[in-house]
Amino acid sequence: MVTGIASSRKNIHRGKLMDLTFTAIVPLLLGSVGLFALFRLLQRMRMRAYLQDAVVVITGATSGLGKECAKAFHAAGSRLVLCGRNGERLQDLVQELSAKANHAKNIHKPFTVIFDLSDTKMVVSAAEEILKCVGHVDILINNAGISYRGSILDTGMDVDKKVMETNYFGPIAFTKALLPSMIKRQQGHIVVISSIQGKISIPFRSAYAASKHATQAFFDCLRAEMEQYEIDVTVVSPGYIQTNLSVNAVTADGSRYGVMDKNTIEGRTAAEVAQVVLNAVGQKKKEVLVAGLLPSLAVYLRTLSPRLFFTFMASRARKERKAKDS
Ligand SMILES: NC(=O)C1=CN([C@@H]2O[C@H](COP(=O)(O)OP(=O)(O)OC[C@H]3O[C@@H](n4cnc5c(N)ncnc54)[C@H](OP(=O)(O)O)[C@@H]3O)[C@@H](O)[C@H]2O)C=CC1
Ligand SMILES: CCCCCCCCCCCCCCCC(=O)OCC(=O)COP(=O)(O)O
């Protein structure tokens, strides 16, 4: 009898629980999933509208990440201005994109501009040419850059300056030349491709890491100063990407490194990172890290326990020196 009452109480309790599940928890879960799906749909629609027909200027469009960004933004319907040092390679890319034009429903033929970022005069006149021919710039993607391999003791100042001119002074000169027209329109978006090495410095990359740290600092200041004009700034900090960056890197004596590093080969594909750039721009993110667990942990370790971080880096320097000497 007692067990019968207990079991019927248990059944009533179970029934109430089921009622609660069906009347409250299930609708709540379904509602949340629905709201999330609606949020994602609206986000995608807003992003599509933002990128469609937008004038997007990309530096370093002749290879690697820049070329993949060109393909991604072209597929999103943007009106491209492709910048590089090599006119022939820029034209090859225009051909490649035009062949895809019908498929991608992009009616805009990309405009090309040839200039060297390490020449400030050329940079300024390139910006003038763009504004004259295209009218305005909606999104500027400062992507071009070079890397470096060498020890500080062996490296001449000319090499430090070359890396700084290309990775820092060039992009800031180009940005400064295009900013006034953005301010006038109270509209614009500046993007810069920095690196994990804009947040942490690893041995034998002094010039490169310094140029990327300077880049991070400059564009963080710019973001704050441009808020009043409604101009957005996005800093993208990738880890290793499968491009020719290491092959094209400059060494201590100014010569080309010419080696595709193992870390580079094992990196993300440029197409994958370009998609992250597209989404970050479309969602107007202020900054994005595109790296695996270890580099991301290293970024936090640098802030939370600098001593430990410096110990790791010193040991890395010792190992690399030993490997080079043997
Ligand atoms: N690959 C990687 O592991 C990582 C790359 N990055 C960053 O991504 C960006 C793109 O590099 P990535 O695609 O990897 O490398 P690539 O070497 O493939 O591309 C670099 C691009 O920059 C251009 N460039 C170099 N110097 C100049 C110059 N003086 N004036 C104008 N353009 C120049 C190159 O043009 P040209 O063809 O004429 O040489 C090329 O188009 C760089 O800023 C790099 O620091 C960040 C993190 C990781
Ligand atoms: C709590 C445990 C934390 C462990 C952290 C240990 C330290 C690990 C070191 C990781 C270093 C990552 C370096 C990543 C560098 C990078 O991704 O650079 C991207 C580039 O720009 C590549 O350019 P490069 O010319 O160097 O090929």
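Colleague: At what angle do H9 and helix H10 pack?
Modeller: H9 and helix H10 (residues 306-325) pack at about 125°, and their axes are 6 Å apart. Helices here are DSSP runs of H or I, at least four residues, and strands are runs of E, at least two, numbered from the N terminus. Axes are lines fitted to C-alpha atoms, for helices over the stretch in contact, with angles from 0 to 180 degrees between N-to-C directions.
Modeller: Before we go on: this is a predicted model, where local features need pLDDT of at least 70, side-chain atom pairs count only at pLDDT 80 or more, and totals for chains, interfaces and linings use all residues. Residues are numbered from 1 along each chain as its sequence is written, while chains are lettered from A and ligands numbered from 1 in the order in which they are written.
Colleague: Thanks! Which residues of H9 and H10 make the contact?
Modeller: Ala298, Leu301 and Arg302 on H9, with Pro306, Leu308 and Phe309 on H10; contact means C-beta atoms, placed from the backbone, within 7 Å.
Colleague: New topic: which residues come nearest to ligand 2?
Modeller: Ser147, Ser195, Ile196, Gly239 and Leu297, out of 21 around ligand 2. A residue is near if its C-beta atom, placed from the backbone, lies within 6 Å.
Colleague: And which helix gives the largest share of that shell?
Modeller: Helix H9 (residues 293-304), with five residues.
Colleague: How is the chain divided into domains?
Modeller: Into domain 1 (53-291) and domain 2 (294-326), with bounds from an automatic or database domain assignment. Their C-alpha centres lie 27 Å apart, and each domain puts nine residues into the contact.

Technical notes: Contact = placed C-beta atoms within 7 Å.
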